[in-house]
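Me: Please show me the chain with its model, and then let us go through some questions on how its parts are held against each other.

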Amino acid sequence: IISAKKVFLLQEIIPSYRVPVFRRLARVDNVDLTVFYSHPSRAMIRENLKSSKEIGGFRHIRIGLFELGSCVYQFGILWRVLIAHPDVMIAGQAERLDRLLLLLFCKLLGIRMFWFQGGVPYTDEAKISEYTNRGWLNRWFGKYNPKRWLALKADGLIVYSEHAKRY
C-alpha cells in the first residue's frame, strides 16, 4: 500500500474560484491535502476580497495573520510544518519574508517546496520587465537580488499561464 503524500497549501484567503481546484486536488489518489488560510488583510478588505462562503470538500485550517503596515505575514504556518512535516508545501507570494522563512524550513526538513504564482497583470514585455524590477532590492542588486535567489531555490513553480511562467 502506498501512503498518501501529505500536501500543505498556504493561501491568504480561499477565493471562490479556487475552491473547485482544491476540491479536485483533494480527490486525487494518494494526495492528503490541507489548505491553510487566514482572514483577509486590510488591503484585501479595501479591494472587497474575501474567502468563499462555500469552503468544503477539502481539509482547511484557518491560521493567524500578522499585519505590519502594508506587510502581511502568516508565520503560524512555520510551526505547523515543523510539527506535521508534510511531504510537499505549496505557497504563493515568494517575495514575502514569511514565505522565504517557510522555504528555508522546508529545505532544512527535506520537504519539497513549490511556489504557486498567478503571474503579472501585464502581457506587454516592457511592462513585465518594469514590474519585475520594482523594489529597492532589485534596484540595488538587479538579478542578484537575495530574495529572488532564495525564491529560485524552491523545487518548482506552479503558474496559470506561459506568460506567468516567463515572469
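This is a predicted model: local features need pLDDT of at least 70, side-chain atom pairs count only at pLDDT 80 or more; totals for chains, interfaces and linings use all residues.

Reply: Residues are numbered from 1 along each chain as its sequence is written, and side-chain values use heavy atoms, with hydrogens and water left out.

Me: How are helix H3 and helix H4 oriented to each other, roughly parallel or roughly antiparallel?

Reply: Helices here are DSSP runs of H or I with at least four residues, strands are E runs of at least two, and both are numbered from the N terminus. H3 (residues 76-84) and H4 (residues 97-109) pack with their axes 10 Å apart and at an angle of about 10 degrees, where axes are lines fitted to C-alpha atoms over the stretch in contact and angles run from 0 to 180 degrees between N-to-C directions. Angles under 35 degrees count as roughly parallel and those over 145 as roughly antiparallel, with 65 to 115 roughly perpendicular and the rest oblique. H3 is therefore, relative to H4, roughly parallel.

Me: Which residues of H3 make the contact with H4?

Reply: Contact means heavy atoms within 4.5 Å. On the H4 side the contact is made by Asp 98, Leu 101, Leu 102, Phe 105, Cys 106 and Leu 109. From H3 the residues are Ile 77, Leu 78, Val 81 and Leu 82.

Me: Which residue forms a salt bridge with Arg 59?

Reply: A salt bridge is a side-chain nitrogen of Lys or Arg within 4 Å of a carboxyl oxygen of Asp or Glu, and a search of the whole structure finds 6 of them. For Arg 59, in a pair whose closest N and O atoms are 2.8 Å apart, the partner is Asp 32. Arg 59 lies in strand S3 (residues 59-62) and its partner in strand S2 (residues 31-37), so the pair ties together parts that are 27 residues apart in sequence. The residue asked for is Asp 32.

Me: Is Lys 107 exposed or partly exposed?

Reply: Lys 107 meets Asp 155 in a salt bridge at 3.5 Å, N to O. Buried means under 20% relative accessible area and exposed over 50%, with partly exposed in between (1.4 Å probe, protein chains only). At 40% relative accessibility, Lys 107 is partly exposed.
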